[in-house]
Amino acid sequence: MTPPLIAFLVATIIPVFFGKIRSAPFWLMLQAAAMAWNTAQHGDLSAHTAVAVIEVLVVRALIAPRLLRRAIARRGEPNLDLMPSNLFTWAIAIALVVLAFEFAAPAMSDRQALTLGAVGATVAVSLLLLSTNDGAPAQLVAVLFMENAIALFESLLPEPWPLPVHAALSAIYLLTVGVGGWLIATPDPATGPAEEASS
Amino acid sequence: MSTTASLARGGAAPTRAERLWVGPALVAFAVIAVLTWVTVFVRTPLAEMPRYFGGRYFVLDATSMLFLLVINSVFLGISVYMSSRISTSRVLARNLLPRTALTLAFMLAMNLGVMANHLLLLWAFIELTTLCAAPLVAQGDTAAPRRVAWHYLLYSSISLALTFLGIMCLTRSAHLHGLQISFMLDQMAQGITQPGDSWQRMGLALMLFGLGSKLGLAPLYSWMPETYEAAPTSTSALLAAVQFNISVVAVFRVLQVFRGQDTSFVSHELLIMGCLSLTVAAIQVMAARNYKRLIAYACVSSSGVIAIGLSVGKAAAYGVLLYIVSNAFVKALLFLTAGRLRAVYGSNEVRALSGVIRVLPFSGALFAVGIFALLGFPPFGSFMAEMLILSGIVQAGNLIAFTLMCTMLTIIFVATGRSIFPMIWGPPDRPRAPVTETWVTALPKLGFVAALILLGVYTPAPISALLVQVALSIGGQ
């Protein structure tokens with residue numbers, strides 16, 4: 001397994017087992033750094049690769065974790081576990097990670113199989129996180145993990161995604177954390193007169 | 001994030017000058033969009049489609065043309081409604097600029113998404129419309145509108161993640177067979193193996209499951225009633241009558257790519273999701289005592305009918321298209337009229353609006369017309385569409401689906417009538433003076449009614465040809 005993929009998996013699995021909500025931005029940053037490393041390692045020396053690496057670092061490693069940290073801080077909830085710590089959820093999480101790598105079984109080159117395994121493990125763990133924690137910040141973290149998995153999926157393809165697709169996915173990532181962060185950070189206003197919002 | 005931040009502050013109150021120009025500007029944008037696409041439609045013969053542009057990332061074909069015409073026509077009505085409400089709704093007036101900006105961004109993403117010729121770009125535009133709509137949903141007046149908006153965003157992200165998992169499976173299938181898959185929709189079929197392997201089938205099933213959830217199909221449907229009820233009325237109309245269609249386009253694109261394949265398992269998946277949705281909707285409509293929620297559950301049942309129709313394919317394809325187009329106008333008509341009722345009565349409860357036709361004769365009558373169109377009465381397009389779908393199901397020999405659909409639609413008809421008809425014609429709980437209604441608020445709704453009658457009685461030849469072309473592209477006869 002290549003070092004960037006190991007780093008990505010560590011940044012996905014460790015927080016699910018041991019991470020707290022407020023440490024989630026750090027793990028997201030680590031995931032993004034691993035993705036940038038992976039892109040740089042496997043991409044050719046071209047402007048496209050450079051733009052892709054810079055985009056991952058700026059959008060996913062810098063701006064998004066900062067927005068998430070601000071949303072979590074504004075919500076002001078206790079710093080709880082990202083996923084409830086009990087043997088049952090741990091067992092399911094481990095089984096899902098193993099299954100994800102089984103999914104990426106033979107008939108593919110080693111790196112492709114491992115990348116697919118990492119993507120599958122991230123998506124599976126994110127879905128588990130969504131089903132075990134009904135707190136909005138943890139749900140947002142799970143969605144962002146899933147979107148990072150989608151971005152990592154690109155390295156599986158023989159040709160990188162065209163820049164417009166890259167730009168669209170980055171914009172969506174940023175908007176997801178921005179809009180999601182705004183929705184979970186601000187309290188619901190008191191209900192006004194019924195007529196008001198029927199617009 | 002300045003727009004959402006502005007919404008969070010409750011928006012800075014717009015100046016009188018802003019109030020004067022923002023509404024007409026929104027309507028002007030909608031008029032320009034409709035005129036542009038009508039002109040393009042008139043000047044581009046169907047034989048010359050598809051036309052690619054923007055480095056082949058976008059395409060103008062029969063499918064995109066049909067939905068561009070539908071969504072922009074519906075949006076024209078919604079924009080007139082929003083414009084007319086600026087002077088009477090303080091919340092809308094206070095958040096006027098951010099809401100207008102988000103609505104325009106939503107429409108831009110919708111227009112581009114409908115024309116997308118790249119599967120991932122289409123996926124991105126669907127998500128983008130959701131991200132534009134979520135802050136609009138948060139402007140609603142339920143107990144916790146931001147929580148509802150967050151649920152809406154979350155469900156959408158999960159649905160689209162499932163769709164993406166499907167795309168992953170397709171890629172894996174292509175790799176296993178030494179093929180390179182292109183996500184350009186016009187070239188994607190070349191990367192699809194024949195006969196399809198289990199990865200390909202799983203990919204297709206996941207994609208349709210994810211997109212089906214965006215359509216409000218059971219089992220992942222619960223976001224739909226919750227969101228439609230909680231959102232401001234104009235946003236509910238945008239979601240139900242406009243955004244719904246981009247998910248339909250995505251389903252059509254997938255079906256178009258896999259047209260030459262054995263997709264019988266997809267038919268079964270759509271059939272199960274459709275029947276489940278109809279059953280869920282029938283049960284919930286019986287329990288609904290809130291007219292906005294009732295319309296929302298009717299939307300779930302409409303999605304069920306569409307899924308069953310698509311599962312049959314062939315003979316039902318034209319009926320499905322007619323149903324989708326009719327439904328866009330029906331939902332817009334019902335939600336916009338519901339907004340007017342709510343503005344006067346201040347309640348979503350059916351009981352509170354008893355005898356509404358005496359207080360709001362015009363809106364009450366339009367609501368009744370919308371309900372009849374929703375229930376599939378003649379002479380509306382939805383009647384013709386339901387007949388074609390049912391006839392297609394019979395031709396396909398699926399009598400269980402036929403029986404279930406007829407039974408559930410009858411239950412929905414009886415349950416809706418039991419709630420809505422006393423609301424319209426029943427005795428009022430207290431005397432109220434009739435409210436004057438302006439022609440500006442009525443005009444778009446009358447336009448929707450005219451479109452619905454035209455679709456049911458006489459579909460102009462160019463529109464009919466366009467519908468036939470799209471029906472053929474999804475495997476229709």
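Mentor: Happy to! Let's start with a term: a salt bridge is a side-chain nitrogen of Lys or Arg within 4 Å of a carboxyl oxygen of Asp or Glu. Please keep in mind that this is a predicted model, where local features need pLDDT of at least 70, side-chain atom pairs count only at pLDDT 80 or more, and totals for chains, interfaces and linings use all residues. Residues are numbered from 1 along each chain as its sequence is written, chains are lettered from A and ligands numbered from 1 in the order in which they are written, and side-chain values use heavy atoms, with hydrogens and water left out.

Trainee: Okay, which residue does Arg253(B) meet in a salt bridge?
Mentor: Its partner is Asp61(B), with 2.7 Å from N to O.

Trainee: And where do Arg253(B) and Asp61(B) lie?
Mentor: Arg253(B) is in helix α10 of chain B, while Asp61(B) is in the loop between β2 (58–60) and α3, so the pair ties together parts that are 192 residues apart in sequence. Helices (H or I, at least four residues) and strands (E, at least two) are DSSP runs, numbered from the N terminus.

Trainee: Is Arg253(B) buried or exposed?
Mentor: Arg253(B) counts as buried, because its relative accessibility is 4%. Asp61(B) is buried too, at 13%. The scale goes like this: buried means under 20% relative accessible area, exposed over 50%, and partly exposed in between (1.4 Å probe, protein chains only).

Trainee: How many salt bridges are there over all chains?
Mentor: A search of the whole structure gives seven. One of them joins Lys20(A) and Asp81(A), at 2.9 Å from N to O. Lys20(A) sits in the loop between α1 (3–18) and α2 (24–42) of chain A, and Asp81(A) in the loop between α3 (47–75) and α4 (87–103), 61 residues apart. Lys20(A) is partly exposed at 36%, and Asp81(A) is partly exposed at 24%.

Trainee: New topic! How many residues does each chain bring to the contact?
Mentor: Chain B brings 59 residues and chain A brings 49, where contact means heavy atoms within 4.5 Å. Together they bury about 4600 Å², with 73% of it on carbon and sulfur atoms. Buried area is the accessible area (1.4 Å probe) that two parts lose on being put together, summed over both.

Trainee: How many salt bridges cross that interface?
Mentor: Zero, by the rule used here.

Trainee: So which element gives the most on the chain B side?
Mentor: That would be α7(B), with 18 residues. By class, the side of chain B that touches chain A has 35 nonpolar, 15 polar and nine charged residues. Here Ala, Val, Leu, Ile, Met, Phe, Trp, Tyr, Cys and Pro count as nonpolar, Asp, Glu, Lys and Arg as charged, and the others, Gly among them, as polar.

Trainee: Last one: what does His166(A) touch?
Mentor: Leaving aside residues up to four places away in sequence, His166(A) touches His48(A), Ala52(A), Glu55(A), Glu154(A) and Trp161(A). His166(A) belongs to helix α7 (residues 163–185) of chain A and counts as buried at 8% relative accessibility.
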